[in-house]
Amino acid sequence: MLRVAVVGSGPSGIYAAQALVAQDLVPGVRVDVLDRLPCPYGLVRYGVAPDHERIKSLQRGLRSVLEHERVTFVGNVPVGAGGVEPGRLAGLYHAVVYCVGAAADRSLGIPGEELPGSRSATEFVSWYSAHPDTATGRFGLRARTVVVIGMGNVAVDVARILARGAEELRPTDVPQSALGVLAGSRVRQVVMVGRRGPSQARFTTKELRELGALPGARVVVEPAELARDPWYAGPAPDAPSPPAVVRRNLDVLRGWAAAGPVDGDVSGRRIALRFFLRPVELLERGGRVAGVRFARTGPDGEGGIRDTGAYEDIAAELVLRAVGYRGVPLPGLPFDPVHGTVPHRAGRVLRDGVPSPGEYVAGWIKRGPTGVIGSNRSCAKETVASLIEDAPLLAHRPAAPDPLAVLRSWGLRPVEWDGWQSIERAEAALGRSLGRGPVKIPDWPGLMGAARGDGG
Ligand code: NAP
């Protein structure tokens, strides 16, 4: 029998577990899916926006994997910094697949970034997603203007949540404390800013369109700014045409440009999309962020940008940096600091360029923070194919007959599936008491109490 640990119960970890138990390719394989949180699903629970019900519903499929007879969910077991060292974990299992994602946010590296009022978008996402490491009082939303730096789907997510009315989020599982703050939000304007042009924006069209469909919010664009994009007016007769997603994005932006200015409309919130502005400094007043200084850029004719020498300041009391995620090193595992990933070959962890027996990676820590949730399925399958190929050799490695008992003997208190179900019941009960559907518990004591069945 082969015992495998998967570290991380987000989509890549669960897809790896699914691939391992699929079709009995490895007869008798048993998979423990470890997570440092007592809750499974990773970014599907703590990253997908609460109003994206369809993507959230992927949890049903992920759940069926964790309920498979050969798969065990083992929450509240940190691996790496302050937790179980990879070297010790390797002694308990024939193989370990690290699916730990990209836990940090990228920084801008410009003056003023650390000012109060400058936050990463991932922190904001964690706050409205009830991540227990993010204090419930983290955001007060007293700002009237919020600048969101970046043109990816995370930027779109946070702009949309800021512009949505709290009542629209009430049917979701957004924590009650965040709902209260969103209800009292003073935000009137969200300015999303990209350093390049609309053709280079990273958001997908469905997400972009959603901004224009928000009740009580208007999207504004600057036609002159869009027109700087070489593809905005359509490709030149003998030039290649843009990729389909760019064509669709430009169509949406053209529609908003055609809708004209909304200066007379003072009701509702305003979402402004600005392009060709590269952040150079966060401005300060009274010890807090007061805005962002941008260098005006323009296309360089080769798909990139160059500075024009002009600057523009945008005043804002809150700045959210949505410039991407970054993998963090796991002590005991090799790490490529340039790409923020673990070096690997087809998912086999490489130590000094040589595959390390029994160590694998999948998901963002393998390929970097790109792609949609489904991209993790093929990524995990590739890794598991390598593991299956290695299985005859792996079976000769030592492994513990009962790894959970060993983890307990090391002082850990794993939360197993019944503990997670107990959290689910507690969240449903909390929601009922508030006249809502299930509402997430946002703190460690609450989650651990619920896992033990206290008051659930
Ligand atoms: P992303 O797609 O990589 O976008 C990052 C944005 O930040 C880009 O516009 C990038 O501009 C900009 N940026 C990077 N460094 C910058 C700098 N120094 N100054 C100014 N701008 C800078 O990252 P993400 O939005 O965090 O998304 C991560 C992944 O999760 C993506 O694959 C995304 O599709 C996925 N996701 C999907 C959904 C969904 O499907 N609904 C929701 C959330 C996230 P440049 O292009 O110029 O570098």
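## Salt bridges and burial in a predicted model

R160 is buried, with a relative accessible area of 0%, where buried means under 20% relative accessible area, exposed over 50%, and partly exposed in between (1.4 Å probe, protein chains only). The model is predicted: local features need pLDDT of at least 70, side-chain atom pairs count only at pLDDT 80 or more, and totals for chains, interfaces and linings use all residues. Residues are numbered from 1 along each chain as its sequence is written, and side-chain values use heavy atoms, with hydrogens and water left out.

**Salt bridges**

Side chains of opposite charge can pair when their charged atoms come close. A salt bridge is counted when a side-chain nitrogen of Lys or Arg is within 4 Å of a carboxyl oxygen of Asp or Glu. The count by this rule is 28 salt bridges.

| Pair | N to O distance |
|---|---|
| R321 and E113 | 3.4 Å |
| E210 and R160 | 3.8 Å |
| R348 and D390 | 2.9 Å |

The salt bridge between E210 and R160 links distant parts of the chain, with E210 in helix 10 (residues 205-212) and R160 in helix 7 (residues 153-163), 50 residues apart. Helices (H or I, at least four residues) and strands (E, at least two) are DSSP runs, numbered from the N terminus. E210 is buried, at 19% relative accessible area. Both E210 and R160 belong to a network of salt bridges that also includes D51, D157, R164 and E168.

R321 and E113 form a salt bridge; R321 lies in strand 14 (residues 318-321) and E113 in the loop between strand 5 (104-105) and strand 6 (118-120), so this pair ties together parts that are 208 residues apart in sequence. R321 and E113 are both buried.

For the salt bridge of R348 with D390, R348 is in strand 17 (residues 348-351) and D390 in helix 14, so the parts tied together are 42 residues apart in sequence. R348 and D390 are buried as well.

**Helix 1**

Of the 11 residues in helix 1 (residues 11-21), 10 are buried, among them P11, G13, Y15 and L20. Cover for these buried residues comes from elements including strand 1 (3-7), strand 2 (30-34), helix 4 (58-66) and helix 14 (375-394), where contact means heavy atoms within 4.5 Å. Q23, which follows helix 1, has a positive phi, near 50 degrees.

R188 is found in the loop between helix 9 (176-183) and strand 8 (189-193). Its relative accessibility is 33%, so R188 counts as partly exposed.
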